[in-house]
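Here is my note on the model. Please read the points with the structure open beside you.

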Amino acid sequence: MKKYTYPSVLTIAGFDGSGGAGIQADIKTTSALGCYSTSVLTALPVQNTQGVKNIYTIPDSAIEEQIDAIFEDIYPDAIKIGMVHTSILVSIICQALKKSPEIPVVFDPVMVATSGHKLIEEETIETIKTQLIPLADVITPNLDEAAILADMPIETIEEMYQAGKLIQKLGAKSLLLKGGHLKTKELTSLYFDSVGKVHEFHHEKFDTKNTHGSGCSLSSAIASYLAQGKSPVEAVQHAQDYVHQAIYNGKDVLIGKGNGPLNHFFNPVKLIKNELE
């Protein structure tokens, strides 16, 4: 009898009880794209669609044990990393990544929530720059996060090009710089690939507040497509199209009183079955 497995995506990220961002968005995205989702919880923010009210920490040893438990049982085909808010946590994750350099890693440097709340400790930024970014295959900062990493304001597409080159000098293999916060009629994102080429992507903007968790969903979608064997540039293209459609299909729905979620399951894919040799 033939045996099969599913493409597996591990998300290492924070919690969102309102269901729109964090680990919840990651699991929804990965599942909607036909992959099997595993998870490691890094923090317990108390939040809803209107903002973050508090953040409770998870013991460092518990995070390390979670990672070990997943790796020894359901070996991931790709990894998405989201909220890492302490230097110790960054080091724990990096130790695990160094043991399995063949696994593609997508890092969403979650520093500022959609609501404007800062989610990361100041001293952690330097550790992220020196330790984690060089280990990631794709990083996906928005303009607020890119401004922190590049240490410069970003208000134009020209400044996006400048910032992207500065961030790549930190050791990033490739970088998707998301331009959703620019005050333009069209959404422009730039993908700086591993050989120095910059790919421009353009999407229509919608009049909606329902973008809570869009960054989490995008990075998880990239990881899902990498787990399916697509190249980084293909994964980035497909992931942006998926998130664009998820926003479009959820733009008129009222969930919560603030920034609502995406419609992750607008066109779900059945779990992909890969035959084992």
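1. Asp151 counts as exposed because its relative accessibility is 70%. (Exposed means over 50% relative accessible area, buried under 20%, partly exposed in between, with a 1.4 Å probe and protein chains only.) Asp151 sits in the loop between α5 and α6. Its phi is near 55°, a positive value in a residue other than glycine. Helices (H or I, at least four residues) and strands (E, at least two) are DSSP runs, numbered from the N terminus.

2. A word on the source. This is a predicted model, where local features need pLDDT of at least 70, side-chain atom pairs count only at pLDDT 80 or more, and totals for chains, interfaces and linings use all residues. Residues are numbered from 1 along each chain as its sequence is written, and side-chain values use heavy atoms, with hydrogens and water left out.

3. Now the helices on either side of that loop. The axes of α5 (143–150) and α6 (residues 157–168) come within 9 Å and cross at roughly 55°. That makes α5 oblique to α6. Axes are lines fitted to C-alpha atoms, for helices over the stretch in contact, and angles run from 0 to 180 degrees between N-to-C directions. Under 35 degrees counts as roughly parallel, over 145 as roughly antiparallel, 65 to 115 as roughly perpendicular, and the rest as oblique. The crossing of α5 and α6 is left-handed; that is, the near helix is turned anticlockwise from the far one by less than a right angle, and clockwise would be right-handed.

4. Which residues of α5 and α6 meet? Leu143, Ala146, Leu149 and Ala150 in α5 touch Met160, Ala163, Leu166 and Ile167 in α6. (Contact means heavy atoms within 4.5 Å.) The residues of this contact are eight nonpolar, no polar and no charged. Here Ala, Val, Leu, Ile, Met, Phe, Trp, Tyr, Cys and Pro count as nonpolar, Asp, Glu, Lys and Arg as charged, and the others, Gly among them, as polar.

5. Compare α1 with α7. The axes of α1 and α7 (residues 214–227) come within 8 Å and cross at roughly 40°. So α1 is oblique to α7. Their crossing is right-handed. Gly22, Ala25, Asp26, Thr29 and Thr30 in α1 meet Cys216, Ser217, Ser220, Ala221 and Ser224 in α7. By class, this contact has three nonpolar, six polar and one charged residues.

6. Is Gly20 buried or exposed? Gly20 counts as buried because its relative accessibility is 1%. Gly20 lies in the loop between β2 (8–13) and α1 (22–32). Leaving aside neighbours within four places in sequence, Gly20 contacts Ala25, His212, Gly213, Pro261 and His264.

7. Next, α4 (residues 122–132). Its buried residues are Thr124, Ile125, Thr127, Ile128, Lys129 and Leu132. They pack against β6 (78–81), α3 (87–99), β7 (105–107) and α5.

8. Last, the cores. A nonpolar core is a set of buried Ala, Val, Leu, Ile, Met, Phe, Trp, Tyr and Cys residues joined through side-chain atoms within 4.5 Å. The largest has 43 residues, of which Ile67, Ile79, Ile81, Val84 and Phe107 touch the most other members. Helix α3 gives the most to this core, with seven residues. Apart from it lies another core, of 26 residues, including Ala32, Tyr225, Tyr242 and Val243.
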